[in-house]
Structure formats: structure tokens, C-alpha cells
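Open the model in your viewer and get ready to select residues. Each stop tells you what to pick and what is there.

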Amino acid sequence: MFNFRESISTISLITTTLLLTSCGNKPIQCKAILEITRKADLITDTAKTGNREELMNIAKGLDQLATELEALNAGDQRLGLYQGSFVKSYRDISQALRSTVAAIDRPASDTVSSALNSLERATSRNQILVEDMRTLCPSQ
């Protein structure tokens, strides 16, 4: 069955990858990375209830964005470091969300608290990355 969303994501990924590899232009690379961070913001902003299914969908979306980031060819060394950091951050947040869901499924107060603390640490590291990236790429 044709999945419109997946097709658009694939086309977007291919286009971004071609732009990055053909131009090697820092502003284009900045824009591509920041575009993915904006997608992550949209994915996480959809969380309204914090229910199990919603958290798992966010985790899957962040994993997909980490894969998109991995596919980019950031020619600039500093951008490459940020790219790798965002990949790790999105994977960490995704894992923390999965751990939170698992903790909710077996509600021992210390397990839930620990999972939520891991999630908070992962998301705060990501915020610092976003702020640093915007400093590196101010016009984006």
C-alpha cells in the first residue's frame, strides 16, 4: 500500500542529501540540520496526553530523524560534530521514552522516577545542542 508520508520523507531525505553532497556549502548544511531539528520539535510538540502510544510514536519519529541525520554528509568538520551529537541525542531521547513507557507499564515509583530523570537529562542536552547550532548557523 502506498504511504504518502513515507514517500515525502524519502524524497526530502534524498533531496537534502544531494544538496549537501553536491554543494558542500555550510549555509545549506546548516539549513538541512536545523530543518531536521525543527521536525523533531514538531514531533515532540504533538505530545498532548503522554499516553503510551503517543510516547512510542515520538520515539519512533526521533529514531527516523536520527537516521535522516546520519545520511547527511556534513562537509564542515564542526557541523559534522553537531550532526553526530544530534544523532546521539535523538537516540538517547528515544531510548528514554521507551524506558519511560516500560516503567509506566510496571509502576514501581523508583523505576518511573528514574526513567523520567533520564528523559529530562536527554532532552536538556538536546536543547543545549539546538542553541549552540543556532549560534553556529545564525542566519538559518
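Select α2 and α4: they are roughly parallel to each other, because their angle is about 10° and angles under 35 degrees count as roughly parallel. Helix α2 covers residues 26-45 and helix α4 residues 77-105, with axes 11 Å apart. Helices here are DSSP runs (H or I, at least four residues), numbered from the N terminus. Axes are lines fitted to C-alpha atoms over the stretch in contact, and angles run from 0 to 180 degrees between N-to-C directions.

Now show the side chains of the contact (heavy atoms within 4.5 Å). From α2, pick Lys26, Gln29, Cys30, Ile33, Ile36, Thr37 and Ala40.

Residues are numbered from 1 along each chain as its sequence is written, and side-chain values use heavy atoms, leaving out hydrogens and water.

Next, keep α4 and select α3. These two helices pack at an angle of about 160°, with their axes 9 Å apart. They are therefore roughly antiparallel to each other (over 145 degrees).

Last, color by pLDDT, the predictor's confidence in each residue, from 0 to 100. The chain averages 77. Which helix has the highest mean pLDDT among the elements of the chain? Helix α3 (residues 52-71) does, at 92, while helix α1 (residues 4-23) has the lowest, 43. Select residues 1-23: pLDDT stays under 50 there. Where pLDDT is low, the predicted coordinates should not be read in detail.

Technical notes:
Predicted model: local features only at pLDDT ≥ 70, side-chain atom pairs only at ≥ 80, totals over all residues. Parallel < 35°, antiparallel > 145°, perpendicular 65-115°, else oblique.
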